[in-house]
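Student: I would like to learn how to read the features of a model like this one. Please take them one at a time.

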Amino acid sequence: MNELLRASLDGDKFAIAKLISLFESVRAIDQEKCIEIEAELEAERAGKGLLVGLTGAPGAGKSTLIQHLVDALLQKQPTWRIAVVAVDPSSPVSGGSLLGDRTRVNFGANERTYFRSQASDLDLGGIGRNTFRVCRLLRRLFDLVLIESVGVGQSEIEIARLADITLLALQPFSGDHIQFMKSGIMEIPQAFVITKCDAEDLAKRSLYQLQSSLDFLQKVDATSEPPSVFQTSSVRKTGFSELAEFIAAAAP
């Protein structure tokens, strides 16, 4: 076990995968091992990595956003190591899960990154039953852990209970003033990210509507910190540097 921990701390992806499988196990003997591992990791590395949650409706471009955001973060933070946990929905018919985020996020042979897929196992809330346990491990091994939730609706907000920072991805013209003011998922993020902003007209209209709604909500509740709003385009490669700076500034 000591060799496995040492290899994981050194960034060996096979060793990290074996540890994750242990943390995903529900066997009592494995859970006891996990407690010992966490104690050893705490002794080896006192700090904890930043947990950043990314949520949004299906098709909002979350996986593509992660790909470009991680690239920007790696450039800005040359010593950082980054892990991504992507949760995909499980089928209520077969019980299986496509785990299709792997086709959109490709870090190649980069030794500073790690990608892990998870199935939701039909759990409601946008994350899987093992997501919390896996993130407990990964935040001891990496400087930043990005959690991509299942494509969600208006009430799946469990990601906010897990993450230090929550980002909500919105595609242009995904709602009007009233839609943006509804309770639920619109209330949890520290930052909104309008994706696919290469469609400039739609992106500007969505930005103005969102800002107008946030201004109104700020007048209603002046005690809360207003969330930031970012615009990104994977086609034009814009907006990711600013978002990376926002996340880096929140790191411990």
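Student: Is Thr-131 buried or exposed?

Tutor: Buried means under 20% relative accessible area, exposed over 50%, and partly exposed in between, with a 1.4 Å probe and protein chains only. Thr-131 has a relative accessible area of 0% and is buried. Before going on, note that this is a predicted model, in which local features need pLDDT of at least 70 and side-chain atom pairs count only at pLDDT 80 or more, while totals for chains, interfaces and linings use all residues. Residues are numbered from 1 along each chain as its sequence is written, and side-chain values use heavy atoms, with hydrogens and water left out.

Student: Where is Thr-131 placed, and which residues does Thr-131 touch?

Tutor: Helices (H or I, at least four residues) and strands (E, at least two) are DSSP runs, numbered from the N terminus. Thr-131 belongs to helix α5. Contact means heavy atoms within 4.5 Å. Leaving out residues up to four places away in sequence, Thr-131 touches Val-87, Gln-118, Ile-147 and Leu-162. With Gln-118 there is also a polar contact of 2.7 Å between the side chains. A polar contact is a pair of N or O atoms within 3.5 Å; within protein, one must be able to donate a hydrogen and the other to accept it, and residues adjacent in sequence count only if both atoms are side-chain atoms.

Student: How many residues of α5 are buried?

Tutor: The helix is mostly covered, with 9 of its 11 residues buried. Among them are Arg-133, Val-134, Leu-137 and Leu-138.

Student: What lies in the loop between β3 and α5?

Tutor: Asn-130 is found there, between β3 (113–119) and α5 (131–141). Asn-130 is buried, with a relative accessible area of 13%. Its side chain makes a polar contact of 2.3 Å with the side chain of Arg-133. Beyond four places in sequence, Asn-130 touches Glu-24, Gln-118 and Asp-121.

Student: Which residues does Ile-20 contact?

Tutor: Ile-20 sits in helix α2 (residues 13–24) and counts as buried at 0% relative accessibility. Apart from neighbours within four places in sequence, its contacts are Tyr-114, Arg-116, Val-134, Leu-137 and Leu-138. Val-134, Leu-137 and Leu-138 are buried residues of α5.

Student: What should be noted about the phi of Lys-196?

Tutor: Most residues other than glycine have a negative phi, and most peptide bonds are trans. Lys-196 has a positive phi of about 55° although it is not a glycine. Lys-196 is in the loop between β6 and α8 (200–220) and is partly exposed, at 36% relative accessibility. Lys-237 also has a positive phi, near 60°. Lys-237 is in the loop between β7 and α9 and is exposed, with a relative accessible area of 53%.

Student: Which residues of α9 are buried, and why do they line one face?

Tutor: An α-helix has 3.6 residues a turn, so residues three or four places apart point the same way. In α9 (residues 240–249), the buried residues are Phe-240, Leu-243, Ala-244, Ile-247 and Ala-248. Seen down the axis, they fall within an arc of 135°, so they line one face of the helix. That arc is taken from the directions from the helix axis to the C-beta atoms. The buried residues of α9 pack against elements including β1 (50–56), α4 (62–76) and β4 (144–148).

Student: Which ring does Arg-81 lie over?

Tutor: A charge sits over a ring if NZ of Lys or CZ of Arg is within 6 Å of the ring centre and within 35 degrees of the ring normal. Arg-81 lies over the face of Phe-142, at 4.7 Å from the ring centre.
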